[in-house]
Amino acid sequence: MSDPASLREQALSLLASGKATSRADLVETLQVAPSTVSSVVRRLLEEGTILEEGVGVSTGGRRPRILRLRQDGGVFAVAELGGRHARVGLCSPSGALLAAEEFAVDIGAGPEAIFDTVTAAFDTVRTSHAPGRRLLAVGMALPGPVDFPHGRLIGPARMPGWSGYDVQNDLRRRFEVTAVVDNDAKAAAIGEHVTRGEGGDMIYIKAGTGIGGCLISGAQIYRGGRGLSGDVTHVRVADSGERECSCGSRGCLETVASGAALVRELAGRGLPVSSTRDVIDAVDNADPAVVTLVRQAGRLLGVAVSGLVNFLNPDRVVLGGVLSTLDVYVAAVKGVLYERCLPPLTQSLSIEASVAGPDAALIGLGHLLRETADIRPS
């Protein structure tokens, strides 16, 4: 059974998205006892996060009271940057994701140009989805090592012109509100944890243009000594062909198992591939050469993750990022983990794709902002 905190997050997310508008809707969707839903709703009403207004249509019993998020508390603006894309959204003061939009960017354009673009995107999404609501705080997830909670990038290998950049201060200056900056894989792991509402230890791997990772243990994110843990993309692997990595080393996992590696390899074979999305499309079209290469990339990721599983003994391994949408990639990772990990560790190990999907990092940022800003609806 989900703990009260996770049920609260799930209830808020359902109300924010419109998938639930009453206690009965929450009971049906969450599959928990009516008394449990009543307890969660009562706390949300008491703290002012939701309102109870009007009645709905009866389905045989009493007409249900309509529940909605309180709208006058402002919004959080959140953004995840990738190598070739940005995803921006709005979260309620409770941390629930209200809206999300994605567009193309080139991270190599540098922070000033990228932030100008993201600022314009924030304005657009606020006008469309939250007109008149004040901005409470801003969060950003980045595809490189972030000195958390100070919000400064530390030697990002695939982000030329970004090393040492004080992202957090830039966001504060631009928006004049609280700002939180985190690594994309860590933010996504938090979002996945919040969405699932499950306990136990989880290794989250974000496989996109690059590869990042995060451990959540005892409902807490593990950050390491300087907050730079999880950079699994630069783990050295066999069968890498000693290819040169963006970090300057050779034989890193990124060179054989990432979206960037797949694009490079397929383009080198003359296929019309220029982005990870093109790789996804080619797999969907069942191109045998692409499927074979993607399967091999998944196996090599599995080799790297198997050492983590043997060492950490997690309850689950979750694959996120755009490559997690490919069944062949996920299946290859899963197969190697069962091959290489000790049987006692895999007997109850869950290995699956993300349930939070492309919104995982935005959800995680909303959760971080709710804790950091400590803002409640008025």
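Visitor: Why is D359 called buried?
Guide: The relative accessible area of D359 is 19%, and buried means under 20%, so D359 counts as buried. This is a predicted model, and the area is computed from it.

Visitor: Where is D359 placed?
Guide: D359 is in the loop between β14 (350-353) and α13 (360-373).

Visitor: What makes the approach of D359 and R87 a polar contact?
Guide: Their side chains are joined at 2.8 Å, and the cut-off for such a pair of N or O atoms is within 3.5 Å. Apart from neighbours within four places in sequence, D359 is in contact with R87, L97 and A100.

Visitor: Which residue stands opposite R87?
Guide: R87 stands opposite E102 in β5.

Visitor: How do you know that β4 and β5 pair?
Guide: Strand β4 (residues 85-91) is joined to strand β5 (residues 97-104) by seven bridges, and pairing asks for at least two. The two strands run antiparallel. In their hairpin, five residues lie between the strands, and G95 takes a positive phi near 100 degrees.

Visitor: How many disulfides does the structure hold?
Guide: The structure holds zero disulfides.

Visitor: Are C91 and C214 buried or exposed?
Guide: C91 is buried, with a relative accessible area of 0%. C214 is buried as well, at 5%.

Visitor: What makes strand β11 mostly covered?
Guide: Strand β11 (residues 211-217) has seven residues, and six of them are buried.

Visitor: How do you know that β11 pairs with β10?
Guide: Six bridges join strand β10 (residues 202-207) to β11, where at least two are needed. These strands run antiparallel. A207 has I211 in β11 as its bridge partner, and the hairpin of β10 and β11 has three residues between the strands.

Visitor: What makes β11 and β12 a pair?
Guide: β11 is joined to strand β12 (residues 220-222) by three bridges, and the requirement is at least two. They too run antiparallel, and I216 stands opposite I221 in β12. Two residues lie between the strands of this hairpin, and G218 in the turn has a positive phi of about 60 degrees.

Visitor: How many aromatic pairs are there?
Guide: The count comes to four aromatic pairs.

Visitor: Why is the pair of F115 and W162 called edge-to-face?
Guide: The ring centres are 5.6 Å apart, and the cut-off for a pair is within 6.5 Å. The planes stand at 80 degrees, and over 60 counts as edge-to-face, so the pair takes that name.

Visitor: What makes this a link between distant parts of the chain?
Guide: F115 is in helix α4 (residues 111-129), while W162 is in the loop between β8 (152-153) and α5 (167-175). They are 47 residues apart.

Visitor: Why are F115 and W162 called buried?
Guide: F115 has a relative accessible area of 1% and W162 has 0%. Buried means under 20%, so both residues qualify.

Visitor: What makes F122 and F175 an edge-to-face pair?
Guide: The distance is 5.7 Å centre to centre, with 65 degrees between the planes. An angle over 60 is edge-to-face. F122 is in helix α4 and F175 in helix α5, 53 residues apart. F122 is buried at 1% relative accessible area, and F175 is buried at 16%.

Visitor: Which residues do ring pairs link into a cluster?
Guide: Ring pairs link F115, W162 and Y165 into a cluster.

Visitor: Where does R223 lie?
Guide: R223 lies over the face of F148, at 3.6 Å from the ring centre. The distance cut-off here is within 6 Å.

Visitor: Which residues of helix α8 are buried?
Guide: In helix α8 (residues 259-268), the buried residues are G259, A261, L262, V263 and L266. These residues pack against α7 (254-257), α9 (276-284) and α10 (288-312). G270 follows α8 and has a positive phi, near 90 degrees.

Notes:
Residues are numbered from 1 along each chain as its sequence is written. This is a predicted model: local features need pLDDT of at least 70, side-chain atom pairs count only at pLDDT 80 or more; totals for chains, interfaces and linings use all residues. Side-chain values use heavy atoms; hydrogens and water are left out. Rings of Phe, Tyr and Trp (its six-membered ring) pair if their centres lie within 6.5 Å; planes under 30 degrees apart count as stacked, over 60 as edge-to-face and the rest as tilted. Helices (H or I, at least four residues) and strands (E, at least two) are DSSP runs, numbered from the N terminus. Buried means under 20% relative accessible area, exposed over 50%, partly exposed in between (1.4 Å probe, protein chains only). A charge sits over a ring if NZ of Lys or CZ of Arg is within 6 Å of the ring centre and within 35 degrees of the ring normal. A polar contact is a pair of N or O atoms within 3.5 Å; within protein, one must be able to donate a hydrogen and the other to accept it, and residues adjacent in sequence count only if both atoms are side-chain atoms. Contact means heavy atoms within 4.5 Å. A disulfide is a pair of cysteine sulfur atoms within 2.5 Å.
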